[in-house]
Amino acid sequence: MSRIFTTSVASVYPLYVTKVERKGRTKAELDRVIEWLTGFDDTALRAHLAAGTTFEEFFAAAHLHPRSALVTGVVCGVRVEEVEDPLMQQIRYLDKLVDELAKGRPMDKILRA
């Protein structure tokens with residue numbers, strides 16, 4: 001089991017915020033991307049962050065967007081669509097979406113509209 005599975009989302013979330021804000025995007029846009037992927041609205045996301053929910057628990061409670069399988073590409077040298085472990089793939093989906101947001105990709109393309 002990967003160490004990231006037992007890492008709290010709250011410990012990584014500020015890093016996501018810093019990454020996107022440094023590139024001129026907003027926390028609200030990040031939250032919108034997370035909501036699209038997981039189905040967690042702002043209240044649910046804040047509850048998970050406050051509770052110290054692990055990535056394993058976070059994605060177990062999530063309702064992934066039906067179009068999440070369209071998230072493809074490379075994160076940390078690994079093709080997202082080729083990751084075999086379902087939980088690791090979901091975490092990589094999130095990483096890839098955060099990367100796309102930070103790189104300035106239009107929101108409609110990030111959300112696979």
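Student: Which residues touch the most other members of the largest nonpolar core?

Tutor: Leu30, Phe55, Phe59 and Leu94 do so, out of the 35 residues that make up this core, where a nonpolar core is a set of buried Ala, Val, Leu, Ile, Met, Phe, Trp, Tyr and Cys residues joined through side-chain atoms within 4.5 Å. At least two of the core residues come from each of α1 (9-22), α2 (27-38), α3 (42-51), α4 (55-61), α5 (86-102) and α6 (107-110), and α5 provides the largest share, 9 residues. The helices named here are DSSP runs of H or I with at least four residues, while strands are runs of E with at least two, and both are numbered from the N terminus. The model is predicted, so local features need pLDDT of at least 70 and side-chain atom pairs count only at pLDDT 80 or more, although totals for chains, interfaces and linings use all residues. Residues are numbered from 1 along each chain as its sequence is written, and side-chain values use heavy atoms, leaving out hydrogens and water.

Student: Which residues is Leu30 in contact with, leaving aside its neighbours within four places in sequence?

Tutor: Contact means heavy atoms within 4.5 Å, and by that rule Leu30 is in contact with Tyr13, Tyr16, Val17, Val20, Val98 and Leu101.

Student: Why does Phe55 count as buried?

Tutor: Buried means under 20% relative accessible area, exposed means over 50%, and partly exposed lies in between, with a 1.4 Å probe and protein chains only. Phe55 has 0% relative accessibility and therefore counts as buried, and Phe59, with 5%, is buried as well.

Student: How do you know whether His63 is buried or exposed?

Tutor: The relative accessible area of His63 is 66%, so this residue is exposed. His63 has its place in the loop between α4 and β1 (74-75), and, apart from neighbours within four places in sequence, it is in contact with Leu37, Thr38 and Gly39. The C-alpha atoms of His63 and Leu37 are 7.8 Å apart in space, although the two residues are 26 residues apart in sequence.

Student: What makes the rings of Phe55 and Phe59 a pair, and of which kind is it?

Tutor: The structure holds 3 aromatic pairs. The ring centres of Phe55 and Phe59 are 6.5 Å apart and their planes stand at 15 degrees, so this pair is stacked. The rule is that rings of Phe, Tyr and Trp (its six-membered ring) pair if their centres lie within 6.5 Å, and that planes under 30 degrees apart count as stacked, over 60 as edge-to-face and the rest as tilted. Phe55 and Phe59 both belong to helix α4, where they are 4 residues apart, about one turn of the helix. Phe58 and Phe59, by contrast, have ring centres 5.4 Å apart and planes at 90 degrees, so their pair is called edge-to-face. One aromatic cluster is formed by Phe40, Phe55, Phe58 and Phe59.

Student: Why are Asp42 and Arg46 said to form a salt bridge?

Tutor: A salt bridge is a side-chain nitrogen of Lys or Arg within 4 Å of a carboxyl oxygen of Asp or Glu, and the closest N and O atoms of Asp42 and Arg46 are 3.2 Å apart, which means that the pair meets the rule. The two residues are about one helical turn from each other, because they are 4 residues apart in helix α3. Asp42, at 44% relative accessibility, counts as partly exposed, and so does Arg46, at 26%.

Student: Where in the chain do Arg112 and Glu100 lie?

Tutor: Arg112 and Glu100 form a salt bridge in which the closest N and O atoms are 2.8 Å apart. This pair links distant parts of the chain, with Arg112 in the segment after α6 and Glu100 in helix α5, 12 residues apart. Both residues are buried. Elsewhere, salt bridges that share partners join Lys27, Asp31, Asp42 and Arg46 into one network.

Student: How do you know where the buried residues of α3 fall, seen down its axis?

Tutor: The buried residues in α3 are Leu45, His48 and Leu49. They fall within an arc of 100 degrees and so line one face of the helix, the arc being that of the directions from the helix axis to the C-beta atoms. These buried residues pack against α1, α2 and α4, whereas the face turned away from them carries the exposed residues Thr43, Ala50 and Ala51.
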